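Please walk me through this structure one part at a time. I would like to know how its parts are placed and which residues touch one another.

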Amino acid sequence: MPYNEHTIQRIREILQQKGANFYEKAMFGGICFMVDDKMLCACKIEKSTKADRLMCRLSPEDYEKVIGEEGVTPMDFTGKKMKGYVYVGEDAFASARDLNRFIQLCLDYNPFAKASKK
């Protein structure tokens with residue numbers, strides 16, 4: 001699976017620092033981070049561009065706030081936009097501050113997110 005191990009490690013460290021109880025799962029062609037058995041975020045290398053990309057699950061309010069930012073696009077994994085999910089380009093999370101911000105937005109929404117059916 002194509003993913004950037006450095007980015008995965010950066011996410012692990014942020015989640016550990018925040019005391020999040022998480023595990024990793026292969027999904028979406030990359031690595032997905034799960035908290036409370038719910039998808040938090042994922043990381044993969046985009047096949048067409050070879051760029052590192054973060055997928056974030058956000059509240060409807062945070063989705064609307066970040067969607068217009070440079071490097072942030074709606075997630076369209078199945079060919080249609082998925083509400084509450086965004087892709088974040090590598091330039092938009094290159095700094096520790098920016099990555100931490102996106103991970104925190106995901107963690108803020110996680111308690112309210114629905115778990116997928118098993």
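Strands here are DSSP runs of at least two residues marked E, and helices are runs of at least four marked H or I, both numbered from the N terminus. The model is a predicted one. The side chain of arginine 53 is joined to that of glutamate 46 by a polar contact of 2.4 Å. Beyond its neighbours within four places in sequence, arginine 53 is in contact with Ala42, Cys43, Lys44, Glu46, Tyr87, Val88 and Phe93.

Apart from residues up to four places away in sequence, valine 88 touches Asp52, Arg53, Leu54, Cys56, Gly71, Val72, Phe93 and Phe102. Which residues touch the most other members of the largest nonpolar core? They are Ile11, Leu15, Leu54 and Val88, in a core of 28 residues. At least two residues of this core come from each of helix H1 (5-17), E2, strand E3 (38-45), E4, helix H2 (60-66), strand E6 (85-89) and helix H3 (96-109). H3 gives the most, with six residues. There is also a second, separate core of eight residues, and Cys32, Ala42, Met55 and Tyr85 are among them.

Helix H2 is the place of valine 66. Is valine 66 buried or exposed? Its relative accessible area is 1%, so valine 66 is buried, the cut-off for buried being under 20%. Setting aside neighbours within four places in sequence, valine 66 is in contact with Leu58, Val72, Val86, Arg101, Phe102 and Leu105. Valine 66 and phenylalanine 102 are 36 residues apart in sequence, and their C-alpha atoms are 9.4 Å apart in space.

Glutamate 69 counts as partly exposed because its relative accessibility is 28%, which falls between the limits of 20% and 50%. Leaving out neighbours within four places in sequence, glutamate 69 is in contact with Arg101 and Phe102. With arginine 101, the side chain of glutamate 69 makes a polar contact of 2.7 Å. Glutamate 69 and valine 88 are 19 residues apart in sequence, with 9.4 Å between their C-alpha atoms.

Next come the strands E1 and E2. Strand E1 (residues 22-27) and strand E2 (residues 30-35) run antiparallel and are joined by six bridges. In one of the pairs, tyrosine 23 has methionine 34 in E2 as its bridge partner. The hairpin of E1 and E2 has two residues between the strands, and phenylalanine 28 in this hairpin takes a positive phi near 55°.

Positive phi values also occur in loops. Aspartate 37 is found in the loop between E2 and E3, and its phi is near 60°, a positive value in a residue other than glycine. Lysine 50 lies in the loop between E3 and E4; lysine 50 is likewise not glycine, and its phi is positive, near 65°.

The last topic is empty space. Rolling a probe the size of a water molecule over the atoms shows where such space is left. The largest pocket holds about 180 Å³ of space. Of the 14 residues that line this pocket, Met34, Asp37, Met39, Ala115 and Ser116 lie nearest its centre. E1 and E3 each supply at least two residues of the pocket lining, and the largest share, three residues, comes from E1.

How many cavities of 30 Å³ or more are there? The count comes to one, and the largest cavity has a volume of about 70 Å³. It is lined by 13 residues, and those closest to its centre are Phe28, Ala42, Lys44, Met55 and Tyr87. E2, E3 and E4 each supply at least two residues of the cavity lining.

Key: Residues are numbered from 1 along each chain as its sequence is written. This is a predicted model: local features need pLDDT of at least 70, side-chain atom pairs count only at pLDDT 80 or more; totals for chains, interfaces and linings use all residues. Side-chain values use heavy atoms; hydrogens and water are left out. Two strands pair if DSSP finds at least two bridges between them. A polar contact is a pair of N or O atoms within 3.5 Å; within protein, one must be able to donate a hydrogen and the other to accept it, and residues adjacent in sequence count only if both atoms are side-chain atoms. Contact means heavy atoms within 4.5 Å. A nonpolar core is a set of buried Ala, Val, Leu, Ile, Met, Phe, Trp, Tyr and Cys residues joined through side-chain atoms within 4.5 Å. Buried means under 20% relative accessible area, exposed over 50%, partly exposed in between (1.4 Å probe, protein chains only). On a 1 Å grid over the protein atoms alone, a cavity is a set of points where a 1.4 Å probe fits but cannot get out, and a pocket is an open set with protein on both sides within 12 Å along at least five of seven lines; lining residues have an atom within 4 Å of a point. Grid points are joined across faces, edges and corners, and a volume is the space filled by probe spheres set on the points.
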